[in-house]
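Here is a short report for a first look at this structure. Start with the model, then read on.

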Amino acid sequence: MPRAGFQAFRLASGRSGLPLGALPEGPPPPAALPAVAMVTAAGRKTAEKGRLMDLTSTVIIPLLFGSLGLFALFRLLQWMRMRTYLQGAVVVVTGATSGLGKECAKAFHAAGARLVLCGRDSEKLKDLAQELSAMTNHRKNLHEPHTVVFDLSDTKTILNAAELILKHSGHVDILINNAGISYRGTIVDTGLDVDKKVMETNYFGPIALTKALLPSMIKRRQGHIVAISSVQGKISIPFRSAYAASKHATQAFFDCLRAEVEQYEIDVTVVSPGYIQTNLSLNAVTADGSRYGVMDKNTAEGQTATEVAQVVLNAVGQKKKEVLVAGLMPSLAVYLRNLFPRLFFNLMATRAKKERKAKDS
Ligand SMILES: NC(=O)c1ccc[n+]([C@@H]2O[C@H](COP(=O)([O-])OP(=O)(O)OC[C@H]3O[C@@H](n4cnc5c(N)ncnc54)[C@H](OP(=O)(O)O)[C@@H]3O)[C@@H](O)[C@H]2O)c1
């Protein structure tokens with residue numbers, strides 16, 4: 001074997017008497033230089049690879065598994081805390097006869113809450129209470145729901161309802177202000193009575209019920225108030241003026257309330273969903289006060305009420321202050337409104353023109 005080849009063989013096979021990658025003392029013959037350099041580089045690479053594998057097996061993998069374990073433990077503790085918080089809690093749900101309210105009722109019932117189902121249709125409420133009671137028979141830690149009938153657009157009946165609730169349950173742990181109606185129409189054609197109707201149901205009703213139940217919560221230094229608002233409580237979309245206004249007012253009121261009642265250890269959660277597959281658009285009021293009666297494409301393609309109810313349950317269980325439950329576009333629109341308002345206003349004006357054109361054609 002020529003000398004350079006032999007040297008390279010000795011170095012690569014580790015038979016040089018030196019550790020791999022180390023150069024033999026004294027300058028190698030000129031012809032051997034490139035081969036030695038190659039072998040040295042290869043040796044270094046192997047050593048680096050070994051070090052990397054050592055690092056992976058001794059640091060990265062244990063760290064990864066440790067973090068996963070800690071995360072799983074955190075979620076388990078969170079879940080247990082949520083279960084304890086909701087088990088046996090008196091939970092009042094308004095608008096329990098349909099859509100999101102009905103699904104919230106099911107989710108909180110399954111979590112062991114003592115439900116007070118509120119609505120204006122006694123038959124629908126009775127049906128739901130029966131449906132939930134049937135589940136109660138199969139599981140020990142579930143409670144039979146109670147029902148209270150009242151109309152949120154009639155402030156006087158709300159005060160009576162609050163009294164009835166407190167009389168029956170003694171106190172309220174969690175109030176979910178869910179009931180609401182939507183609206184479709186142009187501002188110029190809409191009578192003030194329609195604006196008032198939407199505000200009564202979506203804003204004055206919930207705040208009247210909240211005010212009626214708040215003193216007993218303050219007295220106990222315990223309670224949780226939830227407002228089901230909307231993405232439209234953060235951005236305003238054309239032809240939804242009364243609805244967007246009522247939800248902006250809701251957001252503002254409950255943000256103020258959160259700050260005011262924190263000292264009494266009362267929590268406030270504002271949930272702002274995007275589109276949900278419910279009867280909201282069918283039941284919306286129009287400019288002349290009649291029922292809209294159309295299932296909008298966006299509503300039909302929205303999240304299911306069951307999914308959103310689960311988000312509400314988790315938000316309450318984790319005492320979140322606010323949650324936006326929306327897809328990419330509505331969430332982007334909220335950021336656009338705050339960061340680039342002029343662009344947002346232009347987009348809304350274009351949308352208004354397009355919708356008007358589509359309606360006229
Ligand atoms: N669906 C969506 O895309 C969407 C998106 C964002 C936010 N939200 C909000 O989610 C909440 C629930 O709406 P939903 O989507 O589940 O619509 P929904 O299926 O139409 O349910 C609305 C509920 O509110 C009740 N309600 C309406 N007016 C009332 C009044 N004057 N007094 C008492 N109860 C009244 C209804 O009772 P009746 O059965 O007697 O009509 C019904 O139980 C609303 O606050 C809504 O603004 C919905």
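Over residues 59-77 the chain is 100% helix and 0% strand, with the end C-alpha atoms 26 Å apart. Helices (H or I, at least four residues) and strands (E, at least two) are DSSP runs, numbered from the N terminus. UniProt, in an unreviewed entry, places the feature "transmembrane region" at residues 59-77. UniProt positions follow the numbering used here, feature names are shortened, and annotations may be inferred rather than shown by experiment.

This is a predicted model: local features need pLDDT of at least 70, side-chain atom pairs count only at pLDDT 80 or more, and totals for chains, interfaces and linings use all residues. Residues are numbered from 1 along each chain as its sequence is written.

**Confidence.** pLDDT is the predictor's confidence in each residue, from 0 to 100. The protein chain averages 90, and 89% of the residues score at least 70. Over residues 1-28, pLDDT stays under 50. Where pLDDT is low, the predicted coordinates should not be read in detail.

**Overall build.** The protein chain has eleven helices and nine strands. Of its 361 residues, 33% count as buried. A residue is buried if 20 or more other C-beta atoms lie within 10 Å of its own, exposed if 12 or fewer, and partly exposed in between; C-beta atoms are placed from the backbone.

**Helix H7.** Helix H7 covers residues 241-261. At 1.5 Å a residue, its 21 residues should span 30 Å, and its end C-alpha atoms are 30 Å apart, which agrees. The expected span is 1.5 Å times one less than the number of residues. Buried residues of H7 include Ala 242, Tyr 243 and Phe 254. Their cover includes these elements:

| Element | Residues |
|---|---|
| strand S5 | 183-184 |
| helix H6 | 192-220 |
| strand S6 | 223-228 |
| strand S7 | 266-273 |

**Asp 151.** Asp 151 sits in the loop between strand S3 (146-149) and helix H5 (155-169). Asp 151 counts as partly exposed because it has 16 C-beta neighbours inside 10 Å. Leaving aside neighbours within four places in sequence, Asp 151 is in contact (C-beta atoms, placed from the backbone, within 7 Å) with Arg 120 and Thr 157.

**Around the ligand.** The ligand is surrounded by 29 residues (C-beta atom, placed from the backbone, within 6 Å). The closest are Gly 95, Gly 99, Leu 152, Gly 180 and Thr 278. Helix H3 (residues 99-110) gives the largest share of this shell, three residues.

Methods. Two residues are in contact if their C-beta atoms, placed from the backbone, lie within 7 Å.
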